[in-house]
Amino acid sequence: ERVVGHAQGPLLRVVLSFADNTPASHLVVVAKLVEYDEVLSRKAALVPALLQLFRMEASFDAPLLTTYVQHADAGLAHPSPSVRVASLALLTNLCSNAALQRSISVGLLPHTAV
């Protein structure tokens, strides 16, 4: 898992480079990762990959935020400790992300989205 973790960041940056820098485009990238969940689950890599993607986000909309929250929540029940840690880290990042807080403060996301 450590090798996968080290390779994830640069690989995900390459994947994101082919998408527009918008929440809607990034939601498509996340949806494709979820589609390949069977492959990623064998290496317990989906939630850690989502954590890496979340850290690369510059802005959010409600569907993208909801997707991250749902997968972070689901990861808390995963049998792998590294997935549970990644889920907690994702939830922590959700609560402390400046771009997300700006989106809420300017009314792009409802206060109840978090």
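A residue is called buried when its relative accessible area is under 20%, exposed when that area is over 50%, and partly exposed in between, the calculation using a 1.4 Å probe and protein chains only. Valine 85 therefore counts as exposed, at 55% relative accessibility, and this residue lies in helix α6. The model is a predicted one, in which local features need pLDDT of at least 70 and side-chain atom pairs count only at pLDDT 80 or more, while totals for chains, interfaces and linings use all residues. Residues are numbered from 1 along each chain as its sequence is written, and side-chain values use heavy atoms, with hydrogens and water left out.

The chain holds 7 helices and 0 strands, where helices (H or I, at least four residues) and strands (E, at least two) are DSSP runs numbered from the N terminus. Read from that end, the order of elements is α-α-α-α-α-α-α. Of the 114 residues of the chain, 38% count as buried. Contact here means heavy atoms within 4.5 Å, and among the contacts in the chain between residues at least 6 apart in sequence, 60% join residues at least 24 apart.

A helix to begin with is α4, where 8 of the 11 residues are buried, so that α4 is largely enclosed by the rest of the structure. The buried residues of this helix are Leu46, Val47, Pro48, Ala49, Leu50, Leu51, Leu53 and Phe54. Alanine 49 has a relative accessibility of 4% and so counts as buried; along the chain it is 40 residues from glycine 9, yet the two C-alpha atoms are 7.9 Å apart in space. Proline 48, also in helix α4, is buried with a relative accessible area of 17%, and its C-alpha atom is separated by 9.1 Å from that of alanine 89, which is 41 residues away along the chain.

Two packed helices are described by the angle between their axes and the distance between the axes. Axes are lines fitted to C-alpha atoms, for helices over the stretch in contact, and the angles run from 0 to 180 degrees between N-to-C directions. The axes of α4 and α5 come within 10 Å and cross at roughly 145°. Leu46, Val47, Leu50, Leu53 and Phe54 of α4 make this contact with Tyr68, His71 and Gly75 of α5. These residues divide into 6 nonpolar, 2 polar and no charged, where Ala, Val, Leu, Ile, Met, Phe, Trp, Tyr, Cys and Pro count as nonpolar, Asp, Glu, Lys and Arg as charged, and the others, Gly among them, as polar.

Helix α5 (residues 62-75) also packs with helix α2 (residues 23-35), at an angle of about 30° and with the axes 9 Å apart. These two helices are therefore roughly parallel to each other, a description that applies to angles under 35 degrees, whereas angles over 145 count as roughly antiparallel, 65 to 115 as roughly perpendicular and the rest as oblique. Pro23, His26, Leu27, Val30 and Val34 in α2 meet Pro63, Leu64, Thr67, Tyr68 and His71 in α5, and by class this contact has 7 nonpolar, 3 polar and no charged residues.

With α6, helix α5 packs at an angle of about 145°, the axes being 8 Å apart. Leu65, Tyr68, Val69, His71, Ala72 and Gly75 in α5 meet Val83, Arg84, Ser87, Leu90, Leu91 and Leu94 in α6, a contact with 8 nonpolar, 3 polar and 1 charged residues. Valine 69, placed in helix α5, counts as partly exposed at 30% relative accessibility, and its C-alpha atom is separated by 9.1 Å from that of serine 87, 18 residues away along the chain.
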